[in-house]
Amino acid sequence: MGTVLRWILVAVLVGHGLIHLLGVAKGFGWASVPQLKGPIEARTGVLWLLAAALVLTTAVLIAFGAPTWWWSVAATGAVVSQVAIGTSWSDAKMGTIINVLLALVAAYGFLSVGPTSFHAAWDEQATQALADADAAPSVLAEEDLVGLPDPLAHYIRRSGAVGKPRVTSLHADFRGRIRSGPDAAWMPFTGKQVNTFGERPERLFLMDATRSGLPVTVLHVYAEATATMRAKVLSLVTVVDASGAEMDRGETVTVFNELVLLAPGAIVDAPVRWTSVDANRVRGVLTLGAQTVSAELTFDAAGDLVDFVSEDRLRASEDGKSFLRQTWATPLSGYRNSDGRRLLTTGEGRWQDPEGWFTYIELEFDEIRYNIPADALS
C-alpha cells in the first residue's frame with residue numbers, strides 16, 4: 001500500500017471511528033446528539049463503542065506498521081460498525097460506504113499478508129530453513145583459508161569472519177528500486193530474505209514493490225537446487241510465474257552472488273572451485289545440483305569486493321516466460337562496520353544488452369544478521 005494512500009485511508013478511518021462516539025455518547029446519556037434522532041439504549045451504546053474501538057485500532061495498525069493479523073481487526077470492525085449503523089439506519093446509513101471500503105481493505109489485507117499470501121509462505125519456509133540450518137557452527141579459523149586465492153582470503157579476513165562462528169544462515173532487510181529495462185519506470189520496493197549456506201543452500205526472497213501506484217509482491221524460492229519466481233499485483237493477479245531449467249540456472253548465480261557479497265564467512269564451506277586471475281581478481285566455479293556457474297570477483301586495493309561479473313545468469317522477460325543470456329554484474333559501493341563485521345550497505349545490478357550496460361536494480365541493506373534462530377523471525 002503506497003504511503004499517500006495509506007495515510008488517506010488512516011484519516012478516513014479515524015474520522016469514521018470518531019463518529020461512532022456520537023452513538024456512544026447518546027447511548028450512555030453523556031450528551032444530546034441531534035444527529036441521531038432515534039433512541040439508543042445503553043447496550044446499543046456499547047456496540048457503538050466496540051465499533052469505534054475496532055475501527056480506530058485498524059487505523060492505528062495501518063499507520064504504524066500493521067502486523068500480519070491486522071486484516072482480521074479490520075474485517076471485524078466493518079461488521080460491528082455496520083451492525084451499529086443498522087440500529088440507527090435512517091440517521092447513520094451513509095457510514096455504510098466507509099464500511100464497504102473497510103471490508104475491501106480487510107480483503108486486501110487477507111490476500112497480502114493472510115495465511116494464503118506470499119508473506120505467509122515466506123514466513124513458513126524461512127522459519128523452516130533457519131530451523132534446518134546448523135545452530136552451533138564451529139569457529140572459522142585462519143587455517144581454513146589455506147588454499148584460497150590471496151585476494152579472496154584477504155577479503156574474508158577483512159569481513160571480520162575469522163574468529164567467529166561459520167555463517168550457516170543470514171537474514172537481511174533491504175530497500176531500493178527496480179525496473180525492467182533502460183526506458184522503463186523505476187519501481188520502489190522494500191524486502192527481506194533468508195539464505196542458508198553449505199552443500200544444499202536455500203534462498204527465500206520477498207519483495208514488496210509499487211508499479212503505477214499498485215502494490216506488487218514478488219516471491220523467489222530456491223531450494224534443492226531448483227528455483228521459482230512468482231509475482232502478484234494487489235496480491236491477487238498473477239503477473240509472473242517462472243520456473244524451469246533457465247530459472248534454476250539464473251537463481252544459482254544469484255545464490256553464488258549473495259554468498260560472496262553478504263556472507264564471506266560461508267565461502268570456505270561452499271562447493272566452489274577458486275582460481276586466481278591476478279592480484280585483484282579471482283574466478284569461482286560453483287556447482288549445485290545440475291547447475292555449474294562461474295563468476296569473476298574484483299577487489300579494490302583495500303581488499304573490499306567491488307564487483308561480481310557472470311556470463312551465466314539469464315535475464316527473464318517481464319512475464320518470466322522466456323530467458324536471454326546476458327552478462328550480469330553487481331558493482332558495490334558501500335560498506336559499514338558493525339559488531340566486528342564489515343557489512344555490505346549498497347550495490348546495484350546491471351545487465352549488458354546490445355546497447356551497453358544498464359542498471360536495473362539499486363539496493364540498500366538496512367540490516368544483515370547471521371545465524372539467527374528460527375523464532376527470531378516472529
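V237 belongs to strand β6, which covers residues 237–243. In this predicted model, V237 has a relative accessible area of 48% and is therefore classed as partly exposed, since that class lies between the 20% limit for buried and the 50% limit for exposed residues. Together with L214, L234, L236 and V239, V237 makes a nonpolar surface patch of about 410 Å².

Helix α2 comprises 22 residues, 42–63. The buried residues of α2 are T44, G45, W48, A51, A52, L54, V55, T58, A59, L61, I62 and A63. The cover over these buried residues includes helices α1 (3–27), α3 (70–87), α4 (89–92) and α5 (95–113). After α2 comes G65, which has a positive phi, near 80°.

T252 is located in helix α8, residues 245–262. Its relative accessible area is 0%, and T252 is therefore buried, the limit for that class being under 20%. Within the chain, the side chain of T252 reaches the backbone oxygen of D248 at 2.6 Å. When neighbours within four places in sequence are left aside, the residues in contact with T252 are Y222, L286, L288, Q291 and V293.

Note on methods
Residues are numbered from 1 along each chain as its sequence is written. This is a predicted model: local features need pLDDT of at least 70, side-chain atom pairs count only at pLDDT 80 or more; totals for chains, interfaces and linings use all residues. Side-chain values use heavy atoms; hydrogens and water are left out. Helices (H or I, at least four residues) and strands (E, at least two) are DSSP runs, numbered from the N terminus. Buried means under 20% relative accessible area, exposed over 50%, partly exposed in between (1.4 Å probe, protein chains only). A polar contact is a pair of N or O atoms within 3.5 Å; within protein, one must be able to donate a hydrogen and the other to accept it, and residues adjacent in sequence count only if both atoms are side-chain atoms. Contact means heavy atoms within 4.5 Å. The expected span of a helix is 1.5 Å times one less than its number of residues. Patches are made of residues with over 30% relative accessible area and no salt bridge: like charges are joined within 9 Å, nonpolar side chains (Val, Leu, Ile, Met, Phe, Trp, Tyr) within 5 Å. Accessible areas come from the Shrake-Rupley method with a 1.4 Å probe; for residues, only the protein chains shown count as cover. A salt bridge is a side-chain nitrogen of Lys or Arg within 4 Å of a carboxyl oxygen of Asp or Glu.
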